[in-house]
Amino acid sequence: MAAPGIRGSKISDGIVMDIEQRLTHLQQLETESVHIIREAAAEFDKPVMLYSIGKDSGLMAHLALKAFAPGKPPFPFLHVDTTWKFQEMIRFRGEFGRRTGVEILVHTNQEGVRQNVNPFDHGSNHYTTVMKTDGLKQALDKYGFDCAFGGARRDEERSRAKERIFSFRDQFHQWDPKNQRPELWSAYNTRIRKGESVRVFPLSNWTELDVWLYVWREKIPVVPLYLAKKRPVVDRDGTLIMVDDDRMRLHPGEEPEMKMVRFRTLGCYPLSGAVESDAADIPSVIQEMLTTTFSERQGRLIDFDEDGSMELKKREGYF
Amino acid sequence: MARLSDAELIRSDIQAYLARYEHKELLRFVAVGSVDDGKSTLIGRMLHDTGMVYEDQLAAAAAASQMEDGSLDFSLLTDGLRAEREQGITIDVAYRYFATDKRKFIIADTPGHIQYTRNMVTGASTANVGLILIDARLGVLQQSRRHAYIASLLGIPHLAVCVNKMDLVDYDQEIYERIRKDFQVFSESVDFKDITFFPVSALKGVNLVEASDKTPWYDGPSVLEYLETVPIADDHNTTEFRFPVQSVLRPNLDYRGFSGQIVSGAIRDGQEILVLPSGNRSRVRSVDEFGVAAGAAAVPRSVTLRLEDEIDISRGDMIVLPDRPPKVSRSIEAHMVWMSETQLDLQKSYLLKHTTQTVRAQVASIHWRKDMDTLEEVPAKTFDLNDIGRVTVTCTRALYTDPYTRNRATGAFILIDSLTNNTVAAGMIADLGQHQDLDALLRETRAGSAIKPKTQVSPRERFDRMGQRGATIWLTGLPGSGRWALAYALERRLFDEGRTATVVDPTGQNLAGVISACKAATDAGFLVICAFPTFSRADRSLLRERVGDARMLEVYVNTDPALCRERRPDSSFEGFEPPQTPDVVVSLDNMRLRDSVQFIVDRLEIRGQFTRPS
């Protein structure tokens, strides 16, 4: 944040007088996240930061850049590319790399590509397992990463609310929700055996509103898809899907319509539902978010498969 | 002009709202209660009534509600894991978030049953406020006292006691007052800045968000009003500067900084600092925040310090101000919560993580354990899961500590089992009130380990690796009795059963050498088999003394002397003293070798050689 948490400090004989101690809650979240990122970077041999191109990843990357300024983060970034991301996201990824100078690794599950696993023929569940979960596991194994930072927040979903900030994974990348290590204060246990790993969630205590506010205050660039614009969409059972390229399979008689829409979460375009909106800048997005009553992940189709599906996916190794 | 509510401001002036939201204070509270206390309902209700539940989440909860009268089951808004929903209980710490016009809140939602003490401790470790529930129909139970004790132990400054289910006692003031009085009597034994009581009904939403007309006799604030206003600014330690170094930042030749989080106190450019353990002093050249000079910073900022002098500092060191240094010690007294299913092992060395330092440590002694029913201090030999007590811990390197009651960062540590890597205990350093001057402090940083150099592997750990306890199996008998044949047959048999056994070959050794070899291998957890000839009882008792009675199995190979003589006509049988009380007797003239082996193996089994030591 631009303003440090101290105003008009006078110090005499080493004792601090008149210090305005009260940090804003955003500053508290920021300082906690930076502590977490530095702690993991110092204790693990080979960390990596997952970069999904979304606003949460963007914020996490921003904090990582701050944590090691004026140097660079001592770890690379990894994007698991399903080949079905919005074209604007891929462009944005390139810009992010050029702007920050960080190393970005891109991994795609080639086995999935060979079998032509796609969101239309295979259903969101199977598709997500193959292209996202398996792709992620492949990449972690390939490079031998023992720590992966993820941008997940505890307010997103009920099973996430119980996950530790330093979340242990066995050698198969699996999470055991009933057998989590106690996590007290900010004393993080980073001990693992060879082949095991830890997923670290520096944004655990941020809410969606916190993220948007910080993005706005810090002027962190976001993919333009988050802001409303006229885009070609089709209505599928009440969900607006954007026709991002010619791989989109239209149902008979279905005709893309130009609508003012934006996305609350970004992922694979056939699985990301848009909302109709006029919010073309971030304060308007926040305003709209605060006055609507639907939670963020509602736009993410993968959670709809069954009750508790996120927990099942996480057990298997999904973020 | 009247202050607009958040909701009004969001609609009329989003930028003004964002400015307000950004400056909200953050309050963390832990909510503790059992399955039947209605805690999940209370939290669900609070989230719901502050508009923090989205419609789709509400719909999901409504669909899953199985209330008799068809109303919404608020607890479903919070119970997260599948296992919990199936069992209808909260088994782990869940974190929830909501904001009101005044503050932003993080709730640690923790179970209250005694078997989940460790989860409550986890949630309580960072809380400003502890919120505990008491069932109005049941009054102050042992469980409520336990919750308050743990909250106080974990250093939570403010306690809110919600007397819940007031609707089920017709909002009876007398009942409420009696519970309040009971609790106050008990609370003289625990330590809080303040304790506040609330008559509530989570189910009906009474006195949760707004004051209710159901309790006209109660004129205090609602629970939410209390949470919005309880003063927390003074809860930080702002006077004793402590900066545990997380990492050294050296992006180029011109920049060398030390990164970390200020866990207490404040620092500014130009101040003289002291580095532990080196004792080196320097001055702060610049307090940098994320690469930008900030001039000064205070708890809890994450910053990078650059110093005037090139002194050697690394992760785990601590930068402090010389006039108020922490205590430096390799032996600490602490309250400890045992969090593992595996018992505390006083002979084992654990890893201790304290701020950014990890050292080897042993629990040297247990002073007492808290009996969770009576809250009395009772003697204890070990700790089991959820036990709480007071201990002395000795470390291989010095820690830089403050009493937990003064500093929740430098006063806290965790213990990690270095075999399983699990977090097994949490410690809160006690205040012994001893003064340490600067010279004594620096001497302590240079002193050696408080743990006398000795094995750091306990017998129990060895057992867990080898599946057996070490023992020496000593075969005694006349020459020609078949001792060596038996020794090697026994080794083969034990090996085939997955045991680790070895025959000590005495070639070129005297008795003293053989005894040393047997002892070393027994210590290492081996089953040592030896048939070195020992004619005299004195020799065998020497062996017994060195190896230890309990780890020695004396086998008398009592083969018929005539047969032995026949086999070894040249050997001298002079002076052989048969054992008086052998553990096992076999005779290879009327027993088959295989049966003799079986006999010995059975004996080992019965002695508990393959049973985990307690």
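## Reading a two-chain model, feature by feature

Mentor: Let's start with a single residue in this predicted model. Thr83(A) counts as partly exposed because it has 15 C-beta neighbours inside 10 Å.

Trainee: Where does Thr83(A) lie?

Mentor: Thr83(A) sits in the loop between S4 and helix H3 (87-100) of chain A. Its backbone deserves a look too: phi of Thr83(A) is near 75°, a positive value in a residue other than glycine.

Trainee: And His173(A), is it buried or exposed?

Mentor: His173(A) is buried, because 20 other C-beta atoms lie within 10 Å and the cut-off for buried is 20 or more. This residue also has a positive phi, of about 70°, although it is not a glycine. You will find His173(A) in the loop between strand S7 (166-169) and strand S8 (197-200) of chain A.

Trainee: While we are on the backbone, which residues does a cis peptide bond join in chain A?

Mentor: Check omega. In chain A, Ala69(A) and Pro70(A) are joined by a cis peptide bond with omega about 5°, and Pro70(A) belongs to the loop between H2 and strand S4 (77-80) of chain A. In chain B, the cis bond between Leu276(B) and Pro277(B) has omega about 10°. Pro277(B) is found in the loop between strand S10 (272-276) and strand S11 (281-289) of chain B.

Trainee: Now helices. How do I read which side of one faces inward?

Mentor: An α-helix has 3.6 residues a turn, so residues three or four places apart point the same way. Now take helix H2 (residues 14-22) of chain B, where Ile14(B), Tyr17(B), Leu18(B) and Tyr21(B) are buried. These four are on the same side of H2(B) because they cover an arc of only 100° around the axis.

Trainee: Which exposed residues does the face turned away from that buried side carry?

Mentor: Gln15(B) and Ala16(B) are the exposed residues there. The buried residues of H2(B), by contrast, pack against helix H6 (208-217) and helix H7 (282-291) of chain A, together with helix H1 (6-12) of chain B.

Trainee: At what angle do helices H1 and H2 of chain A pack?

Mentor: Helix H1 (residues 25-43) and helix H2 (residues 55-67) of chain A pack at about 75°, their axes 9 Å apart. H1(A) is therefore roughly perpendicular to H2(A). From H1(A) come Glu30(A), Ser33(A), Val34(A), Ile37(A) and Arg38(A), which meet Leu63(A), Ala64(A), Lys66(A) and Ala67(A) of H2(A). By class, this contact has 5 nonpolar, 1 polar and 3 charged residues.

Trainee: How many residues of each chain are in contact across the interface?

Mentor: The size of an interface is often given as the accessible area lost when the parts come together. Here we count residues instead: 61 of chain A are in contact with 72 of chain B. On the chain A side, strand S2 (15-17), H1, H6 and H7 are the elements giving two or more residues. H1(A) supplies the largest share, 10 residues. The chain A side divides into 25 nonpolar, 21 polar and 15 charged residues.

Trainee: Finally, which residues touch the most other members of the largest nonpolar core?

Mentor: That core has 196 residues, and Met49(A), Phe29(B), Cys162(B) and Val163(B) touch the most other members. Leaving aside neighbours within four places in sequence, Cys162(B) is in contact with Leu42(B), Leu131(B), Leu133(B), Phe198(B), Val200(B) and Val223(B). Another core, of 32 residues, lies apart from the largest one and includes Ile473(B), Ala521(B), Leu527(B) and Leu553(B).

Notes. Residues numbered from 1 in each chain as written. Chains lettered and ligands numbered in written order. Predicted model: local features only at pLDDT ≥ 70, side-chain atom pairs only at ≥ 80, totals over all residues. Core = buried A, V, L, I, M, F, W, Y, C linked by C-beta atoms within 7 Å. Buried ≥ 20, exposed ≤ 12 C-beta atoms within 10 Å, placed from the backbone. Contact = placed C-beta atoms within 7 Å. Arc of directions from axis to C-beta. Axes fitted to C-alpha atoms, helices over the stretch in contact; angles between N-to-C directions. Parallel < 35°, antiparallel > 145°, perpendicular 65-115°, else oblique. Nonpolar A, V, L, I, M, F, W, Y, C, P; charged D, E, K, R; others polar.
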